[in-house]
Amino acid sequence: MVELTYMGYGVNRNVTYVMACFCGLLCAADAPLPDLAPFVRSVFPLGAKVGEIATVQFLGHHLDGVIGIQFARKDIRADVLSADFYAVKARISVGQNVPTGLHDYRITTAAGTYVGVFHIGSLAGQREVEPNNDLAHAQQISLPTIIDGVVEEADYDVFRFHAEAGQTLIFDLLARRAGSWLDGTLGVLDERGNELDFNDDYYIHKDPHLEFRVPRTGDYYIRVSGTGEEGSKYDSYRLIAGAVPYAWRMLPAGTRRGVSNELHITGLNLDKIDRLVLGDSLAVGKVTAFQAGELTFQMHVPQSVAPGRYELHLFAGTVEAPLTIPILVSDLDEKLATSAKTRSSPQAVSLPVAVNGIIDHKRAENFFSFEVEAGERVAFDVDSMKLGYLDDPVIVLYTADNQFLASADDRLQQNGSQPPNLDPYLVYKFDKAGRYTIMIRDSAERGSPNYVYHLAIYPVVPDFDLKGLSPQVTLFQGRTSMLPVRVRRLGGWDQPIEVWAEDLAAGVTGEHQMAPPKDTIVKDNCALDRKLDGTDVLLPLHAAGDARAGFRPIRLHARGTMDGKTLEHGAEILYLWESVGKITGPTEDQQVISTVTALPAVLLDPPESLNLAPGRVARMKVRVERFDGGKDPLKIEPDPVLPGVKFDNTVIEPGTSQIEVRVTATGPVTAKDFRLRAGAAVSPRIELQVGTNEESSR
Amino acid sequence: MIRVSTLMFAAALAAFAGEKPKLSFVKDIVPIFTKAGCANSNCHGSIRGQAGFKLSLFGYEPDLDYDAITKQQDGRRINKAQPEKSLILLKPTFSIPHGGGERFKVGSLEYEAILDWIRDGATYDSAGSPRLKTLTITPEEVTLIGIGTKRQLSATGTYTDGSTEDLTRKVQYTANDESVVEVSPLGEIKTRRAGETAIMVRTLGKAVAARIAVVEKPPMANYPDVPRNNFIDELVFAKLKRLNIVPSGLSSDQEFLRRVYLDAIGMLPTLEETKQFLDSKDPEKRAKLIDELIDRPEFAEVWATRFADLFRTGLLDQGYKGGRLMYNWLQKSVMEDKPYNQFATELLTASGQLKFNATANFYYVTEFSEPENLATNVSQVFLGVRLECARCHNHPWEKWTQDDFWGFAAFFGRMGIKDTYENDESQVLLKVKGEVIHPKTKQAVLPKYLDGPTETEQPDEDIREKLAAWITSPQNPWFPRAIMNRMVKHYLGRGLVEPVDDFRVTNPPTNQALLDALAKDFVENGYHLKRTARLILNSRVYQLSSEPNETNRGDQINYSRYSVKRLMAEQLADSITEVTGVPEKYPGYMLGTRAMAIPQGAPSYFLATFGRMKAREVICERDSQPDMAQAMHLISGETLVRQTTAEGGNLGKWMADAALSNEDIVRRIFLAALVREPDRREMEVALLPLQAHGEAARREAFEDVLWTIFNSKEFLFNH
């Protein structure tokens, strides 16, 4: 068994989880394995419109030799136009019936796959045109629109628009939520340049959002920038701008399947909405009333719809609103919290139930009482942050006479690399039958009309689930690679759980591992212990030396026995869809693709570019990894030979992991790409720039 | 000085000589050490004592003093067998070496009193013996006419048993400004020059002050009838009349225009705005302009910057995001004229994630905001009371004890920080439980209001709400006065109390009536900052010329003329860019963003040099002192060079305008920077290079004019 205690994965996603210090006996002879799977750091544009054909550039590394880009939905197609180590260009065709929102794609190379997200919008779009860095150079736009742009360092994208007095305009920046690295800000300015409104972080993952009520008819500016002027060529965004519908909250936050539900949405510009669609046309809701910013609708969710989290799409006629609303589907009786929910008079509910309420004012505490049988085990399961609301709920369990029994706060606090989950989850076994009370409040005792919670209370039996933490694994012939999975014990499960992979390719074998009944502890950025929401386990997968190169979906399984009862589950496959590793979720295709490939003998990793000035020495650091066990020195040479350029310190001694090559322009130099060659190994291309700076840098 | 004191003290005790009453340690012995200076903060009253002997500061804690004298060092400070050999007598009489020198003589009444007390057994007062409850001074406020005039102060103590005692000869007197009056150890004051000061009077842990004004001559017979615009004028001019000071005349329209723009919105008027105002014949034009300026967003930026100073917005751990969020909240709050009691309440009861909850940054000055730091900051910001000293010992100039300090800190006992969302994001929250431990008693402390009772936190309660209610209560004397004082300081150049956050009985306001009236008006009219700003700006006091006259030349504290102020760093930077039309770039902000519109965190050498706040955990005021770095920066600093020489901008525009003569351009520069036209001599000097070198030197000549003006006091100061 290999249990993780580590600083965390997720800096690079879809990585092959190398053994390093964990593999111990399993692979004592193996050197750390390289990560050769494709990685996408940026997509531009971040999305396209329904029915549109768009040319899209993916930036990252190990993108050369792309075999294909497949979307999970068949009605989004991608044709690769060009590819090299750092970039792929593709033409993406979006079908007419693709729902708005994020959709998964998977890029495949011979060394692995990468799963990312692509946004499909409903508004006609345009791209930012530089220079648009200040008011004098603002780019004229007409609302509503969706703008695709990139924020480089100290870059401001300023757009001028006309608006009518009384309009409420929505400016919503999709960046982190759509996989971008950009930590963006938005500002609305008047014609004199006065900042009328500003937002940095609105959503929990740092994307900004503004609601601007136009004070007087005229021209205004919307400004996009990186927080603290951060930015890079990778920092793409989509700006939704206009008097478009926007929901602040929906109550209840969940619907019960098999019955008709009445739901209420409160927000802005909702008056023209006449139809709501659950997920990919799973159910349709009809608007029954609109009053004072609140939309009421009825929706029957068929029994065939699986419980879980979906997106609700809003339509005005045939035009879809650009932003969706998260919604839960369950088998629970979805109740609204009443106003009478104080400690002295809690709202009585019968289990199982989901109560939907709002922590609507400062220090608000909502109390619910319920009856249980002796020995009954009950789960208290809150959804709030996961639905996009900004509260941080805490739940506290009391006896009927207000004696404290248990409490729960964050299910998973941030810890440096793990995506957080601030929604509490508590399982409590009641020794005595009777009436009890559960209280929910914000941990900082804040309140807001938009602090919606969904508190599900239901009896549970001990159980567990299994999550695959990567949608791909690269297996090198003759080596052992690790696939990370997480086991979460539910309902009081306290026994070890066996996990394994199956449906492996010919020549690939896996070992079963046991997840002990304790949560994994990791160190956070301050070297403090953080408990994860489950037990992380690395599954060793060994590819024989003659295993055939190729791809194969594999399946993950977990099995455990408690109280004489054996349960077995497959895995839900998660991925970190944000490049910086803060947002996770299930992949659309729910597949782990294993890729068997050969381990290269030598890997050369130079900088992406080299700036060479006449008469000056440029220093180029090249990382070197050797897997050939070679004992002879290797000599690095440019390919092709560059006339007028001299390379010194080019010999790689055995055991060397980095070399600093000195490059000098001895004569006139022409800017062009080149590679480095060491024996049979060839590096990615290096862009040779002719400039005045002495040093190159990555 | 000691000798005089001893004689008078002996006289006081002589009345009792025949009866030989048993001396009280608290009433008779402790005051000797206070009056002799032994219990001062620079001597044995310091926090660590002196040479191993520690007395409580000014005799605040007699029980500790008793232990120090009779028990510590194995009791060797007193010698009951041979009382005259007691160290407590040998040292202050300098019979043996003493770092503090001679404090009283052998045989003096102080000496005899201590000797008698030791002979009587060196006992402590019996339980329940009366303690000093209040100390009063007479007169509390007086105006003395003539230099060399004398007046005796008298001090009276009231004890816990209701008895009173004349303490005139037992208390310690200190003049806050000894150049105005001198005060003898027995409380006789003698005037030295015209002016005002307070005499601080202390004994047994109590302190009071007498406010003394000195005028050279009797009241003027022909004191002019100065027009009044509102009650500010009434109260300021009434006092000036008492002091024989005639206020300066009314400022000119040009002076007023430049001044009010800079003070109200932190920037200069544009050429168009200047022309419009100066051309107007409307008798109400000043009041109308004030209304317009107060409604501009830049007005809110000035006060957001002022508050950002106090809250260290954007400094330390708040970072760029927290700082900007907080600044925007401050700006919006002022813009919408949010009642100040609501403003304070929102801050005091703040919690939540720092990047989403602006006010939570109030409590996140450092990652480890401790209750004691919060107590210090809250009392200083909202009450103008410096509690900091009482963290470690009882306050030297005030009544605040360590118990008061830690009781106040206990209101913040449940404050905590937790990490949420991502690596650099934290949340201010209320812990389920939390307490503050008194460093001396090692016991948990109950929350206690300053000068008030203790408080207990009920279930489902945030005790900070009670604290906020107490702080913002109309009955709280400090809350409105603290902010009124800050506003007076901003507009009139000097607070009624200085330093502005140091309200205490021994540091009385220069015009108590005015402070009270402003506070009353503020509270009764809904705590609106804009109302007070409007009142002050419309007062004749604000609109007085800064030119002194014969009667007010020496007055620095009574608002008899407009107090010339160096421009704030942000005002200066924005004024320069406004004149040149060359936008500045501050890191983290778009080109052209004004300095006043950014919170503290954006790094700028220029702003830092000219006194913008630096990162500090405990609040302090801006440094407005000039220094060499500022001078050098104005002479040849990067900012000024860029601003004067950059292509384009206003100069480029004006020079390209064929309709403008060289004289017109000089005129525009003067109007833009100084809100006045150049006089004949200035015009001649400005055009000299053009006459000498012709059109080739045109650009350089105008740049020189700009440089010269930017380096002039007339530009650098608001006047």
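The questions below go from confidence to helices, sheets and single residues.

Author: This is a predicted model, where local features need pLDDT of at least 70, side-chain atom pairs count only at pLDDT 80 or more, and totals for chains, interfaces and linings use all residues. Residues are numbered from 1 along each chain as written, chains are lettered from A and ligands numbered from 1 in the order written, and side-chain values use heavy atoms, without hydrogens and water.

Reader: What pLDDT does chain B average?

Author: Chain B averages 88, and 94% of the residues score at least 70. pLDDT is the predictor's confidence in each residue, from 0 to 100. For the complex, the predictor gives an ipTM of 0.80 and a pTM of 0.84.

Reader: Where in chain B does pLDDT stay under 50?

Author: Over residues 1–18 of chain B. The model has 27 contacts beyond four places in sequence for them; contact means heavy atoms within 4.5 Å. Where pLDDT is low, the predicted coordinates should not be read in detail.

Reader: What makes α22(B) and α23(B) roughly parallel?

Author: Start with the angle. The axes of α22 (residues 628–636) and α23 (residues 638–645) of chain B cross at roughly 25° and come within 6 Å. Angles under 35 degrees count as roughly parallel, over 145 as roughly antiparallel, 65 to 115 as roughly perpendicular and the rest as oblique. That makes α22(B) roughly parallel to α23(B). Axes are lines fitted to C-alpha atoms, for helices over the stretch in contact, with angles from 0 to 180 degrees between N-to-C directions. Helices (H or I, at least four residues) and strands (E, at least two) are DSSP runs, numbered from the N terminus.

Reader: Which residues meet there?

Author: B:His633, B:Leu634 and B:Ser636 in α22(B) meet B:Glu638, B:Thr639, B:Leu640 and B:Val641 in α23(B). The contact divides into three nonpolar, three polar and one charged. Here Ala, Val, Leu, Ile, Met, Phe, Trp, Tyr, Cys and Pro count as nonpolar, Asp, Glu, Lys and Arg as charged, and the others, Gly among them, as polar.

Reader: What makes β11 and β12 of chain B edge strands?

Author: Look at the order. The open sheet runs β11-β13-β12 (chain B), with antiparallel pairing. β11 (352–353) and β12 (415–419) each have a single partner strand, so one side of each is left without a neighbour in the sheet.

Reader: How do you know that β12(B) and β13(B) pair?

Author: Two strands pair if DSSP finds at least two bridges between them. β12(B) and β13 (residues 426–430) of chain B have five, in the antiparallel sense. B:Lys418 stands opposite B:Gln427 in β13(B).
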